[in-house]
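Here is a short briefing on the structure shown below. It goes topic by topic.

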Amino acid sequence: MKRTLLFTFLLVFLVSCSSSGQGTADSAPQTYIENKGSDTIVNLALAWAEQYQLENPNIRLSVTGGGSGTGIAALVNGTVDIANASRQIKQKEIDLANEQGIEPMEHIIAGDAIAVIVNPTNPVRELTLEQISKIYSGAYTNWREVGGDDRPIVRLSRETNSGTHVYFLETVVRLGDKESKTLFSTNTLLLPSSEGIISEVRQNPNAIGYDGLGYVPEDLNMIAIAPEASDEYILPSVDSVNNGTYAIARDLYMYTNGEPTGEVAIYLEWIMSAEAQEIVKELGFVPIN
Amino acid sequence: MQKDLNWREFLITRLIKFSGYSAVIFVGMIFFFLLKEGLPTLTEVPLGDLFATRWYPIESYYGILPLISGSILVTVGAGIIAVPFGIGVAIYLAEIAPRWLRNTLKPLVELLGGLPSVVLGFLGILILSPTLRVTLNLPTGLTALSGALLLGGIAIPTVVSISEDALDAVPKSYRDAALALGATRWQTIWRVTLPAARSGVLTAVMLGVGRSIGETMTVMMVTGNAPVLATGLADLFSPVRTMTATIAAEMGEVANASTHYHVLFFIGLVLFLISLVVNVTASAVVFRQKKRAEWVLS
């Protein structure tokens, strides 16, 4: 059913393209919404856009990734209607936006959990937050130190412009301590995409990486995480995120310039609807409410 | 009629003149743009912090030494692979291979040069780096070595194509004279043809090196991008972060006119200066040799 709908949509799209190519104007007025930012959100935003355009053929949504920072920078420069961010906007960015006469307004659109992933041949299945922090800050360099094989640890991270990177730094590497100055170990590999991390973890038994729960393929092992050694070790899942037991979970945001108006407001309202939040669930993210 | 011709000639001469100068003008404009955007760094970041060993811009660590060392390491590695191999291929094509084989092989080598670097990067991630990790027993295959191997591959077509042209341009009489004097084929190649084509071969090497140091996509995909200070060739087996990959990965995110933005342009400036020094040195060497050759002849 869904596929037929999509197919019809594609056909309609093609037909409308070719007819507009011949110079006959479309009957329905077109509204374009530019949507850009976090790579974590991009698949979700695309799925939403597809569904929404099916239901509202007069709306054209253009969705691109690039990272939370990129999206917010685009909002500050006034080139997008909605910026996607997997972290909250920084005070510095708000100041920059205000200088340009832009008032970023925050909307929480979904929840996300970060899964720590290792190669399936790695016997390590559970870690505490502190152990992960010590791995990434360089205090642990061998898997033996956390109960694994005698192998060097290869740390993988997203690039610094990724919201996931910043969130992981604050929540895991620094254990949520705002005063902490702990950094990623310098030999942490900074890979430009989720795909890079997943392909390296898939083929390298030394590797440890992290990525959004929605992106982890089934052939990789997720680590069960405990906030303290005495707590229960919890695997990331929709349930464990919603009941608050999984430690590395966060909200995902969209930012608009001021109170959204017109079609953008209607779109954001739709995103909060049960229908749109069902898509969130399908993609491995965590629905709000 | 005569007047019309003059006018046309005037226009065409001017156009050609402008084309000639345009390269210089563009380089000059790029250089001034880099200076304008990059120099504010010097007032915003103390020199000691800029030439430090920690690069982590989101926490205001702007040490660019690991990036410079990373770029140099990968480029030197690529040069070690591309120069002997590229010149070897060029000598084979120009001097040894039969004409029909040369006419088939050379376009194929040049086709290799047209491969998009992102495709090579994919091959690097999926095939080269896992193979290197297993065969050399490294912690990870995303290392400077993977980058150097792929960049070597990217530079080889440039080196081959241009040095083959240079070798091919050496007059046949040189070779005939050498052979007539009883030199072997190898002696002719090594002592006569190659030195005669020296300036062209050197240009080929420079363009190859330039291609490697400026290459971005491939190195970003396969070198791991860890900003670790590389101190010697042994660091080929660990991950590095190059200047180009840093600019490409971070430019999209920075706020206009922030310190990070200026530092990225400063890195671009450093990259520009390195290329400039390499090119100037090369042309100086070529120039000096020409002078000496003229002096010997006279």
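Helices (H or I, at least four residues) and strands (E, at least two) are DSSP runs, numbered from the N terminus. This is a predicted model: local features need pLDDT of at least 70, side-chain atom pairs count only at pLDDT 80 or more, and totals for chains, interfaces and linings use all residues. Residues are numbered from 1 along each chain as its sequence is written, while chains are lettered from A and ligands numbered from 1 in the order in which they are written.

**Confidence**
- Chain A has a mean pLDDT of 85, where pLDDT is the predictor's confidence in each residue, from 0 to 100. In chain A, 90% of residues reach 70 or more.
- Residues 1–26 of chain A have pLDDT below 50. Beyond near neighbours in sequence, this stretch has five contacts in the model; two residues are in contact if their C-beta atoms, placed from the backbone, lie within 7 Å.
- Where pLDDT is low, the predicted coordinates should not be read in detail.

**Two loop residues with positive phi**
- Asn137(B) sits in the loop between H6 and H7 of chain B. Its phi is positive, about 55 degrees, although Asn137(B) is not a glycine.
- Asn137(B) is exposed because it has 8 other C-beta atoms within 10 Å. The classes are buried (20 or more other C-beta atoms within 10 Å of the residue's own), exposed (12 or fewer) and partly exposed (in between), with C-beta atoms placed from the backbone.
- Leu175(A) is in the loop between helix H6 (163–173) and strand E7 (189–191) of chain A. Phi of Leu175(A) is positive too, near 50 degrees.
- Leu175(A) has 15 other C-beta atoms within 10 Å, so it is partly exposed.
- Most residues other than glycine have a negative phi.

**Chain A–chain B contact**
- Chain B puts in 24 residues and chain A 27 residues.
- On the chain B side, helix H6 (117–136) and helix H12 (243–251) each supply at least two residues. H6(B) gives the largest share, three residues.
- That side of chain B has 14 nonpolar, five polar and five charged residues. Here Ala, Val, Leu, Ile, Met, Phe, Trp, Tyr, Cys and Pro count as nonpolar, Asp, Glu, Lys and Arg as charged, and the others, Gly among them, as polar.

**Domains of chain A**
- Chain A is divided into domain 1 (10–111 + 252–282) and domain 2 (112–249); the bounds come from an automatic or database domain assignment.
- The centres of the two domains, taken over C-alpha atoms, are 30 Å apart.
- Their contact takes 15 residues from domain 1 and 13 residues from domain 2.
- On the domain 1 side, helix H2 (39–55), helix H3 (68–76) and strand E4 (104–118) of chain A each give two or more residues. This side divides into three nonpolar, nine polar and three charged residues.

**Cores**
- The largest nonpolar core has 121 residues. Such a core is a set of buried Ala, Val, Leu, Ile, Met, Phe, Trp, Tyr and Cys residues joined through C-beta atoms within 7 Å.
- Ala83(A), Val116(A) and Val159(B) have the most contacts inside this core. Helix H7 (residues 144–168) of chain B gives the most to it, 14 residues.
- A second, separate core of 14 residues includes Val45(B), Ile64(B), Leu67(B) and Leu264(B).

**Helix H5 of chain B**
- H5(B) is hardly covered, with one buried residue among its 15 residues.
- Pro107(B) is in this helix. Pro107(B) counts as exposed because it has 11 C-beta neighbours inside 10 Å.
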